[in-house]
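Have the viewer open as you read.

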Amino acid sequence: MKIGLVDCQAADAAAQFSRSLTDTGFAVLVNHGVDASCIDAVYQSWAKFFAQPDAVKREFVQDGQRGFFPYRSENAKGQAQKDLKEFFQVYPDARVPDEQLQITQDTYDALAGLGQRLLGWLQQQAPTSVSEQFSVPLTAMAAQSPKTMFRILHYPPVDAQQARAGAIRAAAHEDINLITLLLAGSAPGLQAMDRDGQWHDVSCDAGMIAVNAGDMLQMASGGYYPSTTHRVVNPQGAEAGVARYSMPMFIHPHADAVLKPGTTADQYLNERLREIGLAG
Ligand SMILES: O=C(O)CCC(=O)C(=O)O
Ligand SMILES: [Fe+2]
């Protein structure tokens with residue numbers, strides 16, 4: 001599995017990006033235009049949030065998939081063990097702590113802008129037989145979508161007992177949305193599965209952005225852009241004592257966007273949230 005490292009300023013960046021997504025479901029971006037100081041600042045800011053007592057963080061538990069999700073609230077589809085993570089989900093209307101608000105909004109806007117550019121590339125590079133199936137252009141599906149969600153993940157040092165019981169930081173899953181823009185994690189661990197079921201490290205250094213296609217894009221493109229299974233494995237040895245942070249931006253279509261005849265984004269999302277224990 002050869003995940004492309006794409007320089008977004010290269011003349012053929014759109015073609016390289018689209019090819020890597022078609023071949024592997026993933027691509028890693030450099031020169032993507034999201035400011036390195038913005039990325040550093042958002043990581044530092046949220047490390048402070050997660051360092052607070054649980055009771056303080058729980059004040060940000062909110063309805064409707066927004067806000068804080070305590071340690072071990074989510075399981076991957078079909079997995080009995082909860083993932084070894086806590087996280088915070090930001091939508092445009094989520095309540096975000098004052099200290100994190102500005103930098104989080106700035107990052108959200110920068111990633112939403114990059115998401116539109118990437119969807120434009122995928123639209124432009126798809127063969128006509130694929131793009132003519134889109135109900136509207138991919139950029140229109142997602143432009144200003146209030147469903148687009150920025151997730152800040154904190155994986156604490158690994159608890160040996162939970163690891164022995166088979167829990168990992170993030171069990172194998174596919175993302176639900178159109179594309180995910182993942183600010184490089186603060187430590188390694190992300191792996192993607194190839195067509196033969198083998199796992200490969202997704203190498204993504206600080207400042208880079210890994211992008212993967214989700215199930216909604218796979219569905220809308222009739223499989224042309226595959227949604228690749230991925231996971232986050234537990235570190236071993238001394239690294240087990242080190243926390244990991246990562247920040248995926250899930251680019252979602254508007255609720256009423258038609259993914260394929262008879263299925264809107266909203267119908268599909270609700271079905272998937274039930275499967276992962278995040279909706280009743
Ligand atoms: O933490 C990571 O690197 C990936 C997280 C992820 O795959 C997800 O939240 O969907
Ligand atoms: Fe994921």
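First, the ground rules. This is a predicted model, where local features need pLDDT of at least 70 and side-chain atom pairs count only at pLDDT 80 or more, while totals for chains, interfaces and linings use all residues. Residues are numbered from 1 along each chain as its sequence is written, chains are lettered from A and ligands numbered from 1 in the order in which they are written, and side-chain values use heavy atoms, with hydrogens and water left out.

**The annotated domain**

An unreviewed UniProt entry lists residues 145-253 as "domain: Fe2OG dioxygenase" (positions follow the numbering used here, the feature name is shortened, and annotations may be inferred rather than shown by experiment). That stretch is 10% helix and 36% strand, and its end C-alpha atoms sit 6 Å apart. Helices (H or I, at least four residues) and strands (E, at least two) are DSSP runs, numbered from the N terminus.

**Pocket and cavity**

Both kinds of space come from a 1 Å grid over the protein atoms alone: a cavity is a set of points where a 1.4 Å probe fits but cannot get out, a pocket is an open set with protein on both sides within 12 Å along at least five of seven lines, and lining residues have an atom within 4 Å of a point. Grid points are joined across faces, edges and corners, and a volume is the space filled by probe spheres set on the points.

The largest pocket holds about 680 Å³ of space. It has 44 lining residues, and Glu-74, Arg-151, Asp-175, Ile-176 and Phe-250 are the closest to its centre. Strands E5 (149-155), E6 (170-173), E7 (179-183), E11 (230-232) and E12 (244-251), along with helix H9 (265-275), each give at least two residues to this lining. H9 has the largest share, with five residues.

As for cavities, the whole structure has one of 30 Å³ or more. The residues lining the largest cavity are Lys-147, Met-216, His-252, Pro-253, His-254, Ala-255, Ala-265, Asp-266 and Leu-269. H9 again supplies the largest share here, three residues.

Here are the two spaces side by side. Ala, Val, Leu, Ile, Met, Phe, Trp, Tyr, Cys and Pro count as nonpolar, Asp, Glu, Lys and Arg as charged, and the others, Gly among them, as polar.

| Space | Volume | Lining residues by type |
|---|---|---|
| Largest pocket | about 680 Å³ | 19 nonpolar, 13 polar, 12 charged |
| Largest cavity | about 40 Å³ | five nonpolar, two polar, two charged |

Buried means under 20% relative accessible area, exposed over 50%, and partly exposed in between (1.4 Å probe, protein chains only).

Arg-72 has a positive phi, near 60°, despite not being glycine. It lies in the loop between strands E3 (67-69) and E4 (86-90) and is partly exposed at 26%. One residue that touches Arg-72 is Gln-162, which also touches Tyr-71, Leu-84 and Ala-167, leaving aside residues up to four places away in sequence; contact means heavy atoms within 4.5 Å. Gln-162 belongs to helix H7 (residues 160-164) and is buried at 18%.

Gln-144 also has a positive phi, near 55°. Its place is the loop between helix H6 (138-142) and E5, and Gln-144 is exposed, at 77%.
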